[in-house]
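Subject: Structure handover

Dear colleague,

Please find the structure below. Notes on what was found in it follow.

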Amino acid sequence: MATTAVSTRRQAAQHDLAARKQRSLWRDAVWRLFRNRAAIAGLAVIVFAAFVAIFAPIIAPYSPIQQNTPKQLMEPIWTRWFGSQFTDSGYLLGSDELGRDILTRLMYGTRVSLIVGFVPVAVIFIVGASIGMVSGYVGGWVDNLLMRFTDIIYAFPDLLFVIIIVATLRGTELGTAMDGLLLIFVALAIVNWVGLARLIRGQVLSLKHREFIEAARAIGATPVRIMIRHLFPNVLAPVIVSLAFAIPGAMLTEATLSFLGIGVRPPTPTWGAMINEGFIVFQATPWPVLLPAFCISIILLAFTFVGDGLRDALDPRMKI
Amino acid sequence: MAQQLLDVKDLHTQFFTRDGVVHAVDGVTFHLEAGETLGLVGESGCGKSVTALSLMRLIPQPPGRITEGSIVFDGQDVLKMDDDEVRGIRGNNIAMIFQDPMTSLNPVLTISRQISEALELHLKMDKSEARKRTIELLDLVGIPSAKKRLDDYPHQFSGGMRQRVMIAMALSCNPKLILADEPTTALDVTIQAQILDLLKNLAREFRTAFILITHDLGVVAGMTQRIHVMYGGKIVEKADTAELFANPKMPYTWGLLRSIPRLDEHRKAKLVPIEGLPPDLIAPPPGCRFEPRCQYRRDVCKEKEPELKRIPNAKPDHEARCWGTQEGGWLVDTDWHREIGDTRVIEEIKKEVADLPAETKKDGEEPPLPPPSPVN
C-alpha cells in the first residue's frame with residue numbers, strides 16, 4: 001500500500017468527479033433517443049399497436065371472421081356526411097365483401113404484423129449474429145465456407161426467394177402450421193440473416209485486431225468468451241439499428257405475400273390479405289383497400305422513425 | 001537452472017509473408033529467476049515485442065509461427081502445451097501490460113468487469129468476491145475512490161489511470177511474471193515516472209518477476225537488475241544494469257547511450273544518432289547484423305556473425321555479440337565516450353543513408369536524425 005501515498009493528495013480533488021452521477025453509453029443513447037421527436041412519435045405508434053394487438057379480443061366489437069351478409073360493403077361512418085348511403089353506425093370503418101367488420105379485422109391484423117415483425121427478426125438476430133461472429137473471429141477456411149454460403153443466399157433476389165420458399169412448401173406440414181405463419185417466419189429468417197451476418201463479420205474483422213482483444217487473450221480468455229463478452233457488446237449498436245430496420249422489412253414482406261395470396265391462410269385477418277380481398281370490390285368501394293394500406297404505411301413509418309432515431313442515438317459520431 | 005522461473009532457449013519466431021520469411025526473433029536465449037527484473041532494450045522492429053508475445057504464445061498465427069526453441073516457464077515448456085493449458089497460464093502466471101492504455105481496454109465494458117474477468121476465469125471467484133478484490137486492486141494501483149470508479153467506463157479515465165487499471169488487471173491473479181511492453185511510451189513524462197514507480201514498488205512488494213520492454217534506456221536504468229540489448233531479432237549484449245551503463249561492450253549499445261540526452265553533459269555537446277536503418281529481417285546481413293551501421297566495422301564483421309560471448313575486462317556475466325570487443329578484438333580498449341569511430345566509416349554510412357530512396361527513409365521505423373529522441 002506504499003503506492004497509495006501518491007494518490008491521497010489527489011483523492012480529495014477527484015472526489016467530486018467521482019461523486020457525479022454515472023452516465024453509461026446506453027443511458028446516453030436512451031437520452032438521445034428520447035430527444036428525437038420523430039422517434040418518440042414512432043415509439044408511441046408502436047406501443048399503441050402493441051396494445052391493440054394484445055387486447056384485440058377485448059376491444060374489438062365483433063369477431064374477425066364472422067360473416068354478416070346483409071351488411072356487406074358498408075362504408076366508413078364518416079362518408080355519411082359526403083352523401084354515402086351505405087353506412088351503418090355499428091361498423092365504424094365499414095365492412096368488407098363478406099360483411100366482416102373492417103375495424104375488427106384491422107385490430108386482429110395488427111397481431112400478425114407485429115408477430116411477423118418480431119419473431120423472424122429474433123431468429124435473424126440469433127442466426128446472423130452467431131454466423132457473422134464466428135466467421136469474422138475464427139477466420140480462415142471457416143470464414144471462407146460460411147461467407148460463400150452467405151454469398152449464395154445473398155445472390156438471390158430477396159422477395160423472389162421468399163416467394164419461392166413459401167410457394168414450394170405451402171402444401172407441407174410446415175406450410176399449414178399456425179395458419180401458414182410459421183412458414184413465413186422460416187422463409188423470412190432464411191432470406192434475411194445474411195445481411196446481418198455480413199455486417200457483424202465486418203465489424204468483428206475490424207475489432208479483432210484491436211489491442212483490447214489481444215489484452216483479453218493475454219488474460220487467458222477462450223475464443224467463445226472473447227466473442228460473447230468482448231466483441232459482442234462492441235458490435236451491438238449497429239446490430240440494433242440494423243434490426244430496427246429489418247422489422248418493417250419483414251412486415252412489408254408478409255403484407256406482400258398475403259396480398260399475393262400465399263401468405264397467412266384466410267380467414268385469419270392480415271392487412272396484406274385484406275388489401276387482396278378488397279381489390280375484388282375496389283370498383284364498388286375503395287375503403288377495404290385504403291384502410292389496411294394506411295395501417296401498413298403508418299406502422300412501417302413508425303418503425304423507420306424509431307430505426308433512424310436509434311441510429312442517431314447509438315452513433316454519436318454521425319452527428320456533428 | 002532448476003530454480004529458474006523462465007528459461008528461453010534459441011527462440012525463433014518467424015512471420016511468413018508474401019515477401020518472404022521475416023525472422024523477427026532469431027535465436028534468442030535468456031533466463032529469468034523468480035522476482036527478477038529484466039530489461040529488453042532495442043529500437044523499433046528489433047523483436048522485443050515479438051519475444052514477449054511468443055512467451056505467452058500470443059503470436060498471430062498465421063502469419064506468425066514459433067519455429068524453433070523452447071520456453072520453459074516454471075518447469076513446463078510453454079511451446080508444448082495445448083491451447084487450454086496455455087490459456088491457464090495467460091493472465092494467471094504470466095500477465096502482460098500493453099503499450100497503449102487508450103486502446104487496450106474494451107470501451108464498452110466497465111472497469112470492474114474487465115479486471116474481474118481474470119479473477120473469475122482463473123481463481124474461480126464469484127461475482128461479489130471478484131468485485132471486492134477488484135476494489136483492493138484499484139486501491140493498490142492508486143486509483144482514488146476506487147469504490148466509486150468501479151463501474152466507470154474506460155473513457156472516463158485518463159491515460160495514466162487507464163495504465164494503472166491495466167497494471168491492476170495484470171496483478172489480479174498474482175502472476176509470477178509480468179511482461180510490460182513499453183508500458184510508459186504512450187504516457188507523458190510525469191505520469192511515466194509515476195507508473196514506473198508503481199511498477200517498481202509492486203514488483204518489490206509481491207516479488208513478481210518483470211520483463212520490461214522499452215526502447216528507452218532511461219526507463220530501464222532505474223527499474224531492472226539486468227538488461228538485454230536486442231538488435232535485428234537477436235540479443236547483442238547482456239549485462240547487469242550497472243555494468244551495462246558503466247562498461248558497455250557493443251557498438252550498438254554505445255550508439256543507444258550516445259543518443260540519450262544527459263543533464264550532466266556540456267551544453268554544446270551534440271547527441272550522436274545511429275545512422276542508417278535497422279536491418280531487413282527478411283534477408284538479414286550475413287555477418288554481424290549491426291555491421292552496416294557500425295562505425296567501427298572491419299571486414300570480418302561482414303563475413304561472419306559473431307557469437308554472444310564473454311567479454312574480457314568485464315564482469316563474468318557480461319556478454320556481447322561483437323568481433324571488436326571480444327578476446328583479441330580491436331575495440332577491447334576503446335573508450336566509447338571519446339572515440340566516436342572511424343571517420344571514414346562514418347562518412348561512408350552517411351553517404352549510404354543519403355542514397356536510400358526517399359520513401360524508405362520516411363517509412364523506416366527509425367527516423368535516422370532528429371536529436372530529441374533519436375533512439376526511436
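**Cores**

The largest nonpolar core has 99 residues, and those with the most contacts inside it are A168(B) and I211(B). A nonpolar core here is a set of buried Ala, Val, Leu, Ile, Met, Phe, Trp, Tyr and Cys residues joined through C-beta atoms within 7 Å. A residue is buried if 20 or more other C-beta atoms lie within 10 Å of its own, exposed if 12 or fewer, and partly exposed in between, with C-beta atoms placed from the backbone. This is a predicted model, in which local features need pLDDT of at least 70 and side-chain atom pairs count only at pLDDT 80 or more, while totals for chains, interfaces and linings use all residues. Residues are numbered from 1 along each chain as its sequence is written, and chains are lettered from A and ligands numbered from 1 in the order in which they are written.

The element that gives the most to this core is α6(B), with eight residues. Helices (H or I, at least four residues) and strands (E, at least two) are DSSP runs, numbered from the N terminus. Leaving out residues up to four places away in sequence, A168(B) touches I115(B), L137(B), L138(B), L140(B) and V141(B); contact means that the C-beta atoms, placed from the backbone, lie within 7 Å. Another core, of 62 residues, lies apart from the largest one and has F185(A), A189(A), A244(A) and A313(A) among its members.

**Sheets of chain B**

Eight strands of chain B form an open sheet with mixed pairing, in the order β6-β7-β8-β3-β9-β10-β12-β11. Two strands pair if DSSP finds at least two bridges between them. At the edges stand β6 (94-97) and β11 (309-310) of chain B, each with a single partner strand, so one side of each has no neighbour in the sheet. Inside this sheet, β7(B) and β8(B) run parallel and are joined by five bridges; L177(B) has A209(B) as its bridge partner in β8(B). Helix α6(B) lies across β6 and β7 of chain B and runs at about 175 degrees to β6(B). Such angles run from 0 to 180 degrees between N-to-C directions, and the axes are lines fitted to C-alpha atoms, for helices over the stretch in contact.

Chain B also has an open sheet of four strands, antiparallel in its pairing, in the order β2-β1-β4-β5. Its edge strands are β2 (20-33) and β5 (76-77) of chain B, each pairing on one side only. Eleven bridges join β1(B) to β2(B), which run antiparallel, and the two strands form a hairpin with two residues between them. The bridge partner of Q14(B) in β2(B) is H23(B). Strand β4 (residues 64-73) of chain B pairs with β5(B) in the antiparallel sense over two bridges, and F73(B) has Q76(B) as its bridge partner in β5(B). Helix α1 (residues 48-55) of chain B lies across β1 (4-17), β2 and β4 of chain B, at about 70 degrees to β2(B).

**Helix α7 of chain B**

Helix α7 (residues 189-206) of chain B has 18 residues and reaches 26 Å from its first C-alpha to its last, close to the 26 Å expected at 1.5 Å a residue; the expected span is 1.5 Å times one less than the number of residues. Its buried residues are I195(B), L196(B), L198(B), L199(B), L202(B) and A203(B). Seen down the axis of α7(B), these fall within an arc of 160 degrees, so they line one face of the helix; the arc is that of the directions from the helix axis to the C-beta atoms. On the other side of α7(B), V189(B), T190(B) and R204(B) are exposed. The cover over the buried residues of α7(B) includes β3 (37-41), α6 (159-171), β7 (177-181), β8 (209-214) and α8 (217-221) of chain B. After α7(B) comes R207(B), whose phi is positive, near 50 degrees.

In chain A, helix α12 (residues 271-280) is mostly covered, with eight of its ten residues buried. The buried residues of α12(A) pack against α5 (102-138), α11 (223-260) and α13 (287-314) of chain A. G195(A) sits in helix α9 (residues 181-207) of chain A and counts as buried, with 20 C-beta neighbours inside 10 Å.

In chain B, C294(B) is in the loop between α10 (251-258) and α11 (299-303). C294(B) is buried, with 27 other C-beta atoms within 10 Å, and touches P251(B) and C301(B), not counting residues up to four places away in sequence.

Regards

Key: Two residues are in contact if their C-beta atoms, placed from the backbone, lie within 7 Å.
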